[in-house]
Amino acid sequence: MTNRFDQIIDRRGTYCTQWDYIEDRFGKRDLLPFSISDTDFRCPPEILRVLEARLNHGVFGYTRWNHADFKGAVRGWFQRQFSCPVDEDWIVYSPSVVYSISKLLEILTEEGDRIVLQTPAYDAFFKVIRESNRVLSANPLKNEDGVYRIDFADLEKKLADERAKVLLLCSPHNPTGRVWTEEELKTVIRLCEKYRVYLISDEIHMDIVFGPRPHLPILNVSEELNHVMVCSSASKTFNIPGLGGSYTIIPDPSIRERFLNILKNRDGLSSASIFGMLATIAGYNHCSQWVKELADYIHGNMIAVEDFIRTHLPGVKFRVPESTFLAWIDVSGLPHSSEALQHALVHHAKVAIMPGETYGSPGKGFLRMNVGCPRAKVVEGLRRLKKAVEYLEENK
C-alpha cells in the first residue's frame with residue numbers, strides 16, 4: 001500500500017517560495033530544492049474538508065481569534081500531546097512566530113541589550129535581533145561526535161552580562177535537531193532565573209520528534225512562569241504556513257497586555273486569517289494520528305539519508321537527529337571549500353541545499369537539507385549531492 005506521504009505533488013506555478021523562487025537564494029532556476037522549511041506534503045484531509053466548507057461559504061470578513069474554539073484547540077493539543085497544562089488566558093494570536101519574537105524583544109529589552117542564542121541557529125533570529133538594534137550574544141553549541149550539547153559554562157558567562165536580557169531558545173533545535181533533555185532545560189531555567197533573564201522558547205518544531213524522548217515544553221519545566229514565553233504554530237506540523245497565523249503563550253498578564261496593545265492598536269494585526277485559524281483548530285482537534293504518521297515517515301527519510309551517505313559518501317558524516325525534517329549533514333571532511341561545493345551542487349548537480357554557514361559560523365562545513373518530502377525526492381537529492389562531490393573529485 002502506498003504511503004500518503006509518497007505522493008508527488010507538483011508545486012510549481014503556485015507562487016511557492018521553495019520551488020518557484022529558488023533563484024532568489026541560489027542564483028539559478030530549475031534546481032531540485034531542499035531549502036526553505038516547509039514540506040511538500042498535502043495537509044491532512046480533515047483540514048482540507050474544513051477549508052473547502054469555509055471556501056464554499058464565500059464570505060471572508062474580519063475574523064476574531066479570541067474565543068474558546070481557537071484557544072481551546074491550542075490548550076487541548078498541549079495537554080494531550082505533552083501533558084502540559086496551559087491556561088487559555090495565556091494564549092494570544094500572532095501573524096507569525098518571528099513577529100512574536102520581534103515584539104517580545106521590543107517589550108522586554110532596550111536597544112543595545114544582548115540577546116543570548118545557541119548557534120548554529122535559524123537565520124531569521126539573526127535578522128530580527130539585528131534589525132531590532134539588539135546585540136547577538138552567541139552561545140555556540142558543542143558538537144560531540146554529531147550530538148550537539150549546550151556549553152553551560154559559556155552560557156552562564158553570557159547570561160551574567162548586565163546587558164543580557166533575553167535567552168532565545170529553539171526547542172527542538174533548528175538546525176541540529178536536538179530535543180533538549182529535562183536536565184538541560186532545568187539548567188537553562190536556573191541560569192536565567194539566577195541572572196534575571198527572560199526566556200523566549202520557539203517550539204514550532206515540537207510535533208515532529210522521533211528520538212528517544214518526547215519534546216518537553218518549557219512550561220512543563222519552569223516554576224517561575226512570568227519570565228517564560230512560548231512561540232509556536234501549527235504551520236510546520238500541518239504544512240500550512242501559507243494560510244498565516246501562529247500563537248504565543250504569555251503567562252505574565254502585564255507582558256501579554258503590552259503584546260496585545262502592539263498587535264492590535266499600533267500594528268493593526270489582530271484580525272486573524274480565517275483559513276489559518278480554522279486549519280489550526282481542525283489540525284489540533286482531529287489530526288494527532290496523522291502527525292504520528294508524519295513523524296514516522298520523516299524518520300524513515302532520515303534513515304534513508306544516513307544509509308545513502310554511509311554507502312556512497314565516505315567523506316561525509318550524518319547522524320539521524322531527534323526531531324525536525326531538517327537533515328544537518330557534516331561535509332567538513334571533504335577536501336573542498338564550502339563555496340566550491342555549493343557551486344558544484346547548483347551548477348553541475350542542479351540541486352539546492354542550504355549551506356550551513358547561513359545559520360552562523362558554527363555551521364560552516366555543513367549542509368541543511370529539508371527532507372520533508374516524498375522519499376523519492378530525498379533519494380534523488382542525495383544522488384545529486386553525490387554527483388556534485390564526484391565532479392569536484394574529478395576536477396581538483
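Contact is defined here as heavy atoms within 4.5 Å, and helices (H or I, at least four residues) and strands (E, at least two) are DSSP runs, numbered from the N terminus. The structure is a predicted model, in which local features need pLDDT of at least 70 and side-chain atom pairs count only at pLDDT 80 or more, while totals for chains, interfaces and linings use all residues. Residues are numbered from 1 along each chain as its sequence is written, and side-chain values use heavy atoms, with hydrogens and water left out.

Two packed helices are described by the angle between their axes and the distance between the axes. The axes are lines fitted to C-alpha atoms, for helices over the stretch in contact, and the angles run from 0 to 180 degrees between N-to-C directions. Helix 4 (residues 68–82) packs with helix 11 (residues 274–286) at an angle of about 35°, the axes being 9 Å apart. The crossing of helix 4 and helix 11 is left-handed; a crossing has this hand if the near helix is turned anticlockwise from the far one by less than a right angle, and is right-handed if clockwise. Helix 4 contributes D69, F70, A73, V74, W77 and R80, which meet M277, T280, I281, G283, Y284 and N285 of helix 11. Seven nonpolar, three polar and two charged residues make up this contact of helix 4 with helix 11. In this classification Ala, Val, Leu, Ile, Met, Phe, Trp, Tyr, Cys and Pro count as nonpolar, Asp, Glu, Lys and Arg as charged, and the others, Gly among them, as polar.

For helix 7 (residues 152–160) and helix 8 (residues 182–194), the axes come within 10 Å and cross at roughly 25°. Helix 7 is therefore roughly parallel to helix 8; angles under 35 degrees count as roughly parallel, over 145 as roughly antiparallel, 65 to 115 as roughly perpendicular and the rest as oblique. The crossing of helix 7 and helix 8 is right-handed. Its contact involves F152, L155, E156 and L159 from helix 7, together with E184, T187, V188, L191, C192 and K194 from helix 8. By class, the residues of the contact of helix 7 with helix 8 are six nonpolar, one polar and three charged.

Burial is expressed as relative accessible area, with buried meaning under 20%, exposed over 50%, and partly exposed in between (1.4 Å probe, protein chains only). In helix 6 (residues 123–131), the buried residues are D123, A124, F125, F126, V128 and I129. These buried residues pack against helix 5 (97–108) and against strand 3 (114–119), strand 4 (135–140), strand 7 (164–170) and strand 8 (198–202). W290, in helix 12, is likewise buried, at 5% relative accessibility. The C-alpha atom of W290 is separated by 6.9 Å from that of P44, although the two residues are 246 residues apart along the chain. Neighbours within four places in sequence aside, W290 is in contact with R4, F5, R42, C43, P44, P45, T237 and F238.

The structure holds 29 salt bridges, a salt bridge being a side-chain nitrogen of Lys or Arg within 4 Å of a carboxyl oxygen of Asp or Glu. One of them joins E322 and R213, with the closest N and O atoms 3.0 Å apart. This pair links distant parts of the chain, 109 residues apart: E322 lies in the loop between helix 12 (288–312) and strand 11 (326–330), and R213 in the loop between strand 8 and strand 9 (228–232). E322 is buried at 15% relative accessibility, whereas R213 is partly exposed at 26%. Another salt bridge connects E380 with R383, at 3.8 Å between the closest N and O atoms. Both residues of that pair, E380 and R383, lie in helix 14 (residues 375–394), three residues apart, about one turn of the helix.

Several backbone features lie in loops. The loop between strand 7 and helix 8 contains P172 and P175. The peptide bond from S171 to P172 is cis, with omega near -5°, and the bond from N174 to P175 is also cis, with omega near 20°. S83, in the loop between helix 4 and strand 2 (91–94), has a positive phi of about 50° although it is not a glycine. S83 is exposed, at 52% relative accessibility. N133, in the loop between helix 6 and strand 4, has a positive phi of about 60° and is likewise not a glycine. At 43% relative accessibility, N133 is partly exposed.
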